[in-house]
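Thanks for coming. Please have the display open.

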Amino acid sequence: MAHVTVHRNDIDLTAPTLVEGLPGIGLVGKIAADHLVETLGMTHYASCHCDGLAEVAVFEEGTREYRPPVRLYADESRDLLVLQSDVPVSPSAADEFAGCLTGWLADHDVTPLYLSGLPAEKDGVPALYGIASGDGDAVLDEHDIAAPAEGGVVSGPTGALLYQAGREGLGAVGLVVESSRNFPDPEAARVLLVDGIEPIAGLDVDTDRLVEQAEEISEAREELARRMETAQDESTKAQPMGMYQ
């Protein structure tokens, strides 16, 4: 049965903000989410056991303990949740996953921030745009995050999450940043953090490392990026609709 299993009942969250970090274009969401989990020393709080997710065991160097591929991390003092995923979520599973997670978020009074890259030839600092459902629009107004400059579509599992939030009346925010189409983009992830996630969630996170270690981060995500490129239908991304679409 699809569900989210909470492992830490000793962590008390009031009305938390969720930062979603599914792999997608430029891996911007994943890089941002991983950075928050590592920098803030967040705690593995829950695991997603939703229909269609890859049933694999993820392990790390130097430890025998393995974990499921899609997890929620928590920071009680900041009333913060981060969704971390080590595998792409297939479009064939996106609807089931979105329904499973959105139901849990609504039950726990969570405001989700969904993240997506917009393939673009960047000129200077990548542009950041915001889209929203319900109360999310007021959040974007409060922090002066601009509406998109042109129409488009957020596809993949993040698009399914946004769709499900609107369908269920859950206030949600989508942050869309210009990013590299084919390579990990720590610069775009930093824009997401500094101009979007930090002000909305009330965080103050050191992001200098994302710039200083951009090459290291890119190498560490290289294999996942190649997998995303060869299975583009598994990729979350935003894209312009174009005149005839």
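In which loop does Asp109 lie? Asp109 sits in the loop between α2 and β6; helices here are DSSP runs of H or I of at least four residues, strands are runs of E of at least two, and both are numbered from the N terminus. Its phi is near 55°, a positive value in a residue other than glycine.

Some housekeeping before the rest. This is a predicted model, in which local features need pLDDT of at least 70 and side-chain atom pairs count only at pLDDT 80 or more, while totals for chains, interfaces and linings use all residues. Residues are numbered from 1 along each chain as its sequence is written, and side-chain values use heavy atoms, with hydrogens and water left out.

Asp144 is another residue with a positive phi, near 55°, that is not glycine. Asp144 is in the loop between α3 (136-142) and β8 (152-155). Is Asp144 buried or exposed? Asp144 is exposed, at a relative accessible area of 71%; exposed means over 50%, buried means under 20%, and partly exposed is in between, with a 1.4 Å probe and protein chains only. Asp141, in helix α3, also counts as exposed, at 53% relative accessibility.

Now the overall picture. The protein chain has eight helices and ten strands. Of its 245 residues, 51% are buried. Take the contacts in the chain with a separation of 6 or more: 78% of them join residues 24 or more positions apart. Contact means heavy atoms within 4.5 Å.

Next, the sheet. Eight strands make an open sheet, with mixed pairing, in the order β1-β3-β4-β5-β2-β6-β9-β7. Two strands are taken to pair if DSSP finds at least two bridges between them. β1 (3-6) and β7 (128-133) are the edge strands; each has a single partner, so one side of each has no neighbour in the sheet. From one strand to the next the twist averages 25°. For angles, axes are lines fitted to C-alpha atoms, for helices over the stretch in contact, and the values run from 0 to 180 degrees between N-to-C directions.

Look at β2 in that sheet. Five of its five residues are buried, so β2 is largely enclosed by the rest of the structure. Thr17, Val19 and Gly21 are buried on one side, and Leu18 and Glu20 on the other. In a regular strand the side chains alternate between the two faces of the sheet. β2 runs parallel to β5, joined by five bridges, and Thr17 stands opposite Leu80 in β5. β2 also pairs with β6 in the parallel sense, over three bridges, with Leu18 opposite Pro112. β6 in turn pairs with β9, parallel again, over seven bridges; there Leu113 stands opposite Val173.

Which strands does α5 touch? α5 packs on the sheet against β2, β5, β6, β7 and β9, and its direction makes about 155° with that of β9. α1 lies across β2 (17-21), β4, β5, β6 and β9, at about 125° to β5.

These two helices also meet each other. α1 (residues 28-39) and α5 (residues 186-201) pack at about 65°, with axes 8 Å apart. Among the residues in contact are Ile31 and Leu36 in α1, and Leu192 and Ile197 in α5. The contact divides into ten nonpolar residues, two polar and no charged. In that count, Ala, Val, Leu, Ile, Met, Phe, Trp, Tyr, Cys and Pro are nonpolar, Asp, Glu, Lys and Arg are charged, and the others, Gly among them, are polar.

Last, the cores. A nonpolar core is a set of buried Ala, Val, Leu, Ile, Met, Phe, Trp, Tyr and Cys residues joined through side-chain atoms within 4.5 Å. The largest has 35 residues, and those touching the most other members are Tyr45, Cys48, Leu81, Leu83, Phe97, Trp104 and Leu105. α2 gives the most to this core, seven residues. Not counting residues up to four places away in sequence, Trp104 touches Val4, Val6, Tyr45, Leu72, Leu81 and Val110. Another core, of 32 residues, lies apart from it and includes Ala33, Leu40, Leu113 and Ala189.
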